[in-house]
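These notebook entries record what I looked up about how two parts of one chain meet. I set them down in the order in which I consulted them.

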Amino acid sequence: MKAKSLRGRDFLAETDFTREEIETILDVAQDLKRERAKGVPHDQLLRGKTLFMIFYNQSLRTRNSFEAGMTQLGGHAHYLDPDKIYTPAMEGREVAYSTERVSDVARVLDRMGDAIAIRCYGDPVDWEYGGAHAMLQEFARWSEIPVLNMEDDVYHPFQGLADILTVKEKFGGFKGVKFTMSWAYSPSVHKPRAVPQSAILYATMMGMDVTLAHPKGMELDPKILAQCEAYAATYSGTFRISNDFEGAMEGAHVVYPKAWCATPIFQPPVGESDGKKTQAIFDEHKDWICTQRTMALADQSAIYMHCLPCDRGFEVANDVIDKTSGTGWLSAAFDEAENRLHVQKAVMSLVM
Ligand code: CP
């Protein structure tokens, strides 16, 4: 595949890319990671280029990895707070002199810079599932420069890339790797579904043996699940869903327990806009926590993964996430966080 074929492309969802294209991105990420480790500068790649970043939600990793990445590639990342500009809004959601239609914002920024990155989920779209992804698609429809998804309400494609790069580094490839993505309890019921959905999409695309574990009521988007089935069939992996936390961990090479919201939190027709019902489902499953006992069920060479931020003492015990060296299973959560930098630099250098 010619790397040129990625130039100018939007990066909104992993399903927009072929497996070969994703493998190219991982190769470039590993090259850039090696160069950085050796002190070889690559600041000529995006010299003079600007990435506009619009964050409707908070962030530590995503904001800082994009900013650091653009600096290392020789460009500039410009942070935009939607409340300090005229908040980009879809037609029908506009407020005079307070918002600006997405089509107009996209066509102004594309005259000034080289890519637009956006994070939006949850409250800014009143928990209308898919509302944020539709807004990113609208940006992409109007923008002549690439639009990058820094997490919406359906996909977190850069997190997913960092996840599979971490797996590739730890296991040398994907064939035969048992990947368990599991729900875990959190005191917050407001975490989007994007991370687990992107994780299982990439894991099945790479042909791993994937288990999705969650209590009843925490189901993910049926379209994503159908795509995972299709990837598993195409790429000779497997995909199964379990409601048994400990059973799902048995023999796993990758243990990825994290909270996501329950379906009732979304607006109808997807959910019921029912925060109390959502809370009740969470409260029944406080025992879904990753501890040393959980890790002992996994393969001896297993890695613990989490996109971070994690809720220590709820999603995971301290002595799991902090075990980054020694014998047996290890936490790879901080390698995974670092890999955000490398995969994003790869995508930016290819599409911009
Ligand atoms: N994993 C992740 O996206 O982290 P932030 O919310 O800090 O960006």
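Entry 1. I began with the area buried between domain 1 and domain 2, which is about 2,900 Å². Carbon and sulfur atoms give 62% of that area. I noted that the model is a predicted one.

Entry 2. I then asked which three residues supply more than any other three of the area that domain 1 buries against domain 2. I found them to be R19, W127 and Y129, with 28%.

Entry 3. I looked up the domain bounds. The assignment gives domain 1 as 3-154 + 340-351 and domain 2 as 159-338. I recorded 25 Å between the C-alpha centres of the two domains.

Entry 4. I turned to the contacts. On the side of domain 1, 27 residues are in contact with 37 residues of domain 2.

Entry 5. I searched for charged pairs across the interface of domain 1 and domain 2, and the rule finds 2 salt bridges there. I also looked up D27 and K168, whose side chains form a salt bridge with an N to O distance of 3.3 Å.

Entry 6. I asked which elements give two or more residues to the side of domain 1 that touches domain 2. They are helix 1 (19-38) and helix 12 (333-351). Helix 1 provides the largest share of this side, 8 residues.

Entry 7. Finally, I noted the make-up of the side of domain 1 that touches domain 2: 14 nonpolar, 3 polar and 10 charged residues.

Definitions and conventions
Residues are numbered from 1 along each chain as its sequence is written. This is a predicted model: local features need pLDDT of at least 70, side-chain atom pairs count only at pLDDT 80 or more; totals for chains, interfaces and linings use all residues. Side-chain values use heavy atoms; hydrogens and water are left out. Domain bounds come from an automatic or database domain assignment. Contact means heavy atoms within 4.5 Å. Buried area is the accessible area (1.4 Å probe) that two parts lose on being put together, summed over both. A salt bridge is a side-chain nitrogen of Lys or Arg within 4 Å of a carboxyl oxygen of Asp or Glu. Helices (H or I, at least four residues) and strands (E, at least two) are DSSP runs, numbered from the N terminus. Ala, Val, Leu, Ile, Met, Phe, Trp, Tyr, Cys and Pro count as nonpolar, Asp, Glu, Lys and Arg as charged, and the others, Gly among them, as polar.
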